[in-house]
Amino acid sequence: MPGDHLGTSAVAHPNIALIKYWGKRDELLKLPVADSLSMTLDLFPTTTTVRLAPGGVADNVTLDGVAAEGERRQRVVAFLDLVREMAGRVEPATVVTRNSVPTGAGLASSASGFAALAVAAAGAYGLDLDPTALSRLARRGSGSAARSIFGGFAIWYAGQGTGTAADLASYAEPVDVPGFDPALVIAVVNAGPKAVSSGAAMRRTVETSPLYRAWAESSRADLADMRVALRRGDLDAVGAIAERNALGMHATMLAARPAVRYLSPATVTVLDSVLSLRAAGIAAYATMDAGPNVKVLCHRADRERVAETLRAAVPDCSVFTARRGPGARLSAGADR
Ligand code: DP6
């Protein structure tokens, strides 16, 4: 129940971008350079409870049973400050978050995390926000979280310019493709935390990579092609566009100075097996985020075959099979 003594809880799922968000034009407002488009998953939910602590001195943040400190805590506190400012409130809060995906493994726990926090914190502080406003709010925590407010496929608009008008124009909305229900087979080749955060890596890429502008430009064209492919429910086209967009994003990072390289030998092994699946007539297409893990888009009927092929290629990897999942919503608690 919003605002009761047990707090307000929300659940959200990660999303995987088929057209990537890579690069901000405004760091504070988290305004991206280009539009992006994703699929929200049915796996790895994050559940977050926000309980107001009137009379408390500071926010108390617990992530997966451990008191958050340093930058991780500060990110949550800054987000709560924004919510308090919007609500005209001052009370600190206790935040308890449970992830079901390894944090920092390139599986977008910041997307599900800040989407869940946006819904729970808005409820706890009595802000009545529609999904568009929740998406804008989630964006301020982590850009990709703007898309996890919605289930299925979602497009996040970059908007234009700077300041308040730009803030209002940058939010996600659902892309309605009722008949399109592919599988996303996820090969976790390394679940450890990443050496460079996605925020730092994208900043370095924008500032130093000579390939960045060209990719951002081609990403706009990819997005237009992707919308057509989705509307047609054409998995081969969706997959091919997603794969080229992701490889291009990684190319921009490899050209950054110094280079950012998330892809490992095991990543390349998985990419080779995706090529061999295609050579065998299976529609399978890869995408990678800020980490070495590979997500393979395929028809649901092929998901076992794809999962077995990836397991055989990298025997010590963990394989999960996702499909499109729900948007962020209020829920029963994280800690009860
Ligand atoms: C590679 O949303 O984690 O997953 O806005 O700095 O929090 P911040 O970045 P974040 O970046 C995600 C980048 C990506 C691509 C994507 O999800 O579109």
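How many bridges join β2 to β5, and in which sense do the two strands run? Four bridges join them, and the strands run antiparallel. Keep β5 in mind. We will come back to this strand.

Good morning, everyone. One note before we go on. The model is predicted.

Let's start with the overall layout. The protein is divided into domain 1, residues 8–178, and domain 2, residues 183–322. The centres of the two domains, taken over C-alpha atoms, are 23 Å apart. How many residues of each domain are in contact with the other? On the domain 1 side there are 24, and on the domain 2 side there are 35.

Stay with the side of domain 1 that touches domain 2. β2, residues 15–19, and β5 each supply at least two of its residues. The largest share comes from β2, with three residues. By class, this side has 17 nonpolar, three polar and four charged residues.

Now the ligand. Where does it lie relative to the two domains? Domain 1 and domain 2 both give residues to the shell around the ligand, so it lies between them. There are 15 residues around the ligand. Those that come nearest are A17, S142, G143, S144 and G199. By class, the shell has five nonpolar, seven polar and three charged residues.

Two of those names come up again with S110. S110 lies in helix α2, residues 109–124. Is S110 buried or exposed? Count the other C-beta atoms within 10 Å: there are 24. The cut-off for buried is 20 or more, so S110 is buried. Leave aside its neighbours within four places in sequence, and S110 is in contact with S142, S144 and A145. S142 and S144 are among the residues that come nearest to the ligand. One more pair for S110. S110 and R323 are 213 residues apart in sequence, and their C-alpha atoms are 19 Å apart in space.

Back to β5, as promised. This strand spans residues 36–40. It is mostly covered, with five of its five residues buried. Look at where the side chains go. In a regular strand the side chains alternate between the two faces of the sheet. Here, S36, S38 and T40 point one way from β5. L37 and M39 point the other way. All of these residues are buried.

Next, an open sheet of six strands. Its order is β8-β7-β9-β6-β1-β16, and the pairing is mixed. Why is one side of β8 and of β16 left without a neighbour in the sheet? β8, residues 66–67, and β16, residues 329–331, stand at the edges, and each has a single partner strand, so one side of each has no neighbour there. Further in, β6 pairs with β9, residues 93–99, in the antiparallel sense over seven bridges. Find V50: this residue stands opposite V95 in β9.

Spot one is K30. This residue sits in the loop between β3, residues 24–26, and β4, residues 31–32. Its phi is positive, about 50°, although K30 is not a glycine. K30 has 23 C-beta neighbours inside 10 Å, so this lysine counts as buried.

Spot two is F44, in the loop between β5 and β6. F44 also has a positive phi, near 60°, and is a residue other than glycine. It has 19 C-beta neighbours inside 10 Å. Buried would need 20 or more, so F44 counts as partly exposed.

P258 is in the loop between α8, residues 235–254, and α9, residues 265–279.

Last item, from a record. An unreviewed UniProt entry lists residues 185–316 as "domain: Mvd1 C-terminal". In the model, this span is 59% helix and 10% strand. Its end C-alpha atoms lie 16 Å apart.

To close, take one picture away. The ligand lies between domain 1 and domain 2, because both give residues to its shell. Thank you.

Methods: Residues are numbered from 1 along each chain as its sequence is written. This is a predicted model: local features need pLDDT of at least 70, side-chain atom pairs count only at pLDDT 80 or more; totals for chains, interfaces and linings use all residues. A residue is near a molecule or strand if its C-beta atom, placed from the backbone, lies within 6 Å of it. Ala, Val, Leu, Ile, Met, Phe, Trp, Tyr, Cys and Pro count as nonpolar, Asp, Glu, Lys and Arg as charged, and the others, Gly among them, as polar. Domain bounds come from an automatic or database domain assignment. UniProt positions are given in the numbering used here, feature names are shortened, and annotations may be inferred rather than shown by experiment. A residue is buried if 20 or more other C-beta atoms lie within 10 Å of its own, exposed if 12 or fewer, and partly exposed in between; C-beta atoms are placed from the backbone. Two residues are in contact if their C-beta atoms, placed from the backbone, lie within 7 Å. Two strands pair if DSSP finds at least two bridges between them.
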